[in-house]
Amino acid sequence: MSALSAPGFPEREIRARARRGTAEVFPDPGSYGAELYGPGAAAGADALDRARIVPPVFMPERLEKLIELAREPESGDVDLTVRTGGFTASLPLYLSAFGSTRAGSGDLAVQASRQAGHLGIPMVIGENMVPVHGYRRGGGDAARSALLARIDAYLEAAPEGVGGIVVQQSTEDADSEVWNLLYSDPATRPLLESGRLAFELKTGQGAKPGLGGMTVVAGAEAAQLAGRFTVTEAFGPDDERRLRCATPGTFTDEILRQQLRFMRNNFPKARTWVKFHPGRDIGLAVRTAWGAGADAVTVDGAEGGTGWAPRVFLDQAGLPLAECLRRIGRPQGCLLASGRMWEGGRAVRALALGATAVGLGRAALIAVDEDPEHGLVRLAESIALELRLLVSALGKYAVGALAPDDLWWPEGGAVVAGAPLPADPASEGATP
């Protein structure tokens with residue numbers, strides 16, 4: 001029986017892709033010849049899903065490809081390789097951070113790490129792994145910390161020259177000197193020498209914008225963590241379980257610039273990433289990070305998140321990803337986006353609005369829960385097939401060629417190339 005559930009998320013469809021891979025991109029082949037196919041029920045859950053992908057009639061870029069190949073281009077000619085935050089990635093995907101949650105730091109996370117390495121896509125390891133699980137190497141899996149187990153699993157499977165590992169650091173991580181430990185560890189030297197290690201400054205997360213990480217702990221673990229985190233009796237004094245709360249950190253534009261300068265000076269061989277929650281000033285924050293030299297900026301839409309969070313934050317706090325992308329506008333650097341990503345259509349929309357790659361969080365964990373050996377690989381392969389078909393249908397042959405005019409928005413009509421998408425009606429009147 002599966003261990004994980006994801007209410008409100010297309011869990012059934014993701015599990016099917018984890019089992020059958022690219023076959024799930026199409027209708028059931030058994031129905032061929034007996035069923036007439038057309039659009040299904042509208043499935044748009046937010047503004048990004050409501051946008052239509054609109055191929056043109058005239059395709060000059062397809063003509064250029066035809067001349068280059070001396071034949072008609074096909075979807076298999078689409079190049080999905082991208083440069084993501086200083087890394088070369090085989091697909092415009094990355095494995096989002098799971099952090100120190102129970103689901104995100106156990107066997108599922110290690111299996112997800114191994115499959116992400118096999119795919120050659122970057123992997124982000126979330127906050128508070130060392131303060132919660134420690135940092136130790138030993139003679140067997142049982143002796144290794146959760147952080148190092150994930151790094152080792154990724155490296156065992158990753159091909160040379162592609163992918164990379166990104167390690168977040170929060171306030172509590174800084175107290176544990178996580179980046180210093182990794183940067184000085186001889187085992188990570190191959191990552192540094194090949195340019196495949198990055199450190200990500202975490203300023204927030206989509207599931208609970210403005211808050212730090214939260215987990216449920218009990219017994220001895222609660223007592224152990226009380227010295228480093230705030231541990232409260234949120235579930236009542238008679239319940240042995242406790243709520244462990246991390247701090248989100250305090251940032252201004254100048255603090256952010258100073259932090260990035262510190263990272264670049266102290267860890268010159270590591271790439272510099274920044275992660276933002278979906279705040280109302282996301283455009284300013286992203287531009288500030290790029291201006292300070294960040295190799296990549298990650299934005300979690302309010303639809304994102306895998307960890308424990310108050311219901312009011314899950315349902316009511318933070319900007320949707322579409323609105324974040326609208327406020328950011330034309331990117332000045334590498335932009336990574338996450339939030340309810342699990343299939344190629346939503347990924348294409350985010351890429352057309354400026355993202356370099358999109359993150360798989362809940363979808364990745366569900367896929368690995370369905371098949372620990374191949375689930376994430378099959379899910380990514382199904383997304384890759386959809387990406388190739390859609391990008392080719394748009395008359396383009398690299399994901400970096402996607403642009404806002406490849407989308408049409410029912411609320412405001414066509415979007416002019418390079419212009420921001422129409423505001424979500426629910427966000428009208430918000431501070432830009």
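**Salt bridges and their surroundings**

Mentor: Glutamate 68 has a relative accessible area of 58% and is therefore exposed (over 50%; under 20% is buried and anything in between partly exposed, with a 1.4 Å probe and protein chains only). The model is a predicted one, in which local features need pLDDT of at least 70 and side-chain atom pairs pLDDT 80 or more, while totals for chains, interfaces and linings use all residues. Residues are numbered from 1 along each chain as its sequence is written, and side-chain values use heavy atoms, leaving out hydrogens and water.

The partner of glutamate 68 is lysine 65, and the closest N and O atoms of this salt bridge are 3.6 Å apart (a side-chain nitrogen of Lys or Arg within 4 Å of a carboxyl oxygen of Asp or Glu). Lysine 65, at 17% relative accessibility, counts as buried. Both residues belong to helix 3 (residues 60-69), where they are three residues apart, about one turn of the helix. Helices (H or I, at least four residues) and strands (E, at least two) are DSSP runs numbered from the N terminus. The structure holds 22 salt bridges, and the chain has 17 helices and 16 strands.

A second pair joins lysine 396 to aspartate 406, with 2.8 Å between the closest N and O atoms. Both residues lie in the loop between helix 17 and strand 15, so the pair ties together parts that are ten residues apart in sequence. Lysine 396 and aspartate 406 are both buried. Elsewhere, salt bridges that share partners link Glu11, Arg15, Arg19, Asp369 and Glu370 into one network.

Leucine 394 is in the loop between helix 17 (375-393) and strand 15 (407-409). This leucine is buried because its relative accessible area is 2%. Residues up to four places away in sequence aside, leucine 394 touches Ile53, Val54, Pro55, Pro56, Met59, Leu402 and Asp406 (contact means heavy atoms within 4.5 Å).

Helix 1 (residues 11-20) has as its buried residues Glu11, Ile14, Arg15, Ala16, Arg17 and Ala18, which pack against helix 16 (362-370) and helix 17. The axes of helix 1 and helix 17 are 7 Å apart and the packing angle is about 100 degrees (axes are lines fitted to C-alpha atoms over the stretch in contact, and angles run from 0 to 180 degrees between N-to-C directions). That angle makes the two helices roughly perpendicular, a class that covers 65 to 115 degrees, with under 35 roughly parallel, over 145 roughly antiparallel and the rest oblique. On the side of helix 1, Ile14, Arg17, Ala18, Arg19 and Arg20 meet Gly375, Arg378, Leu379, Ser382, Ile383 and Glu386 of helix 17.

Arginine 20 also forms a salt bridge with glutamate 24, the closest N and O atoms being 2.3 Å apart. Arginine 20 is partly exposed, with a relative accessible area of 41%, and glutamate 24, at 26%, is likewise partly exposed. Glycine 21, which follows helix 1, has a positive phi, near 60 degrees.

For the chain as a whole, buried residues make up 52% of the 432 residues.
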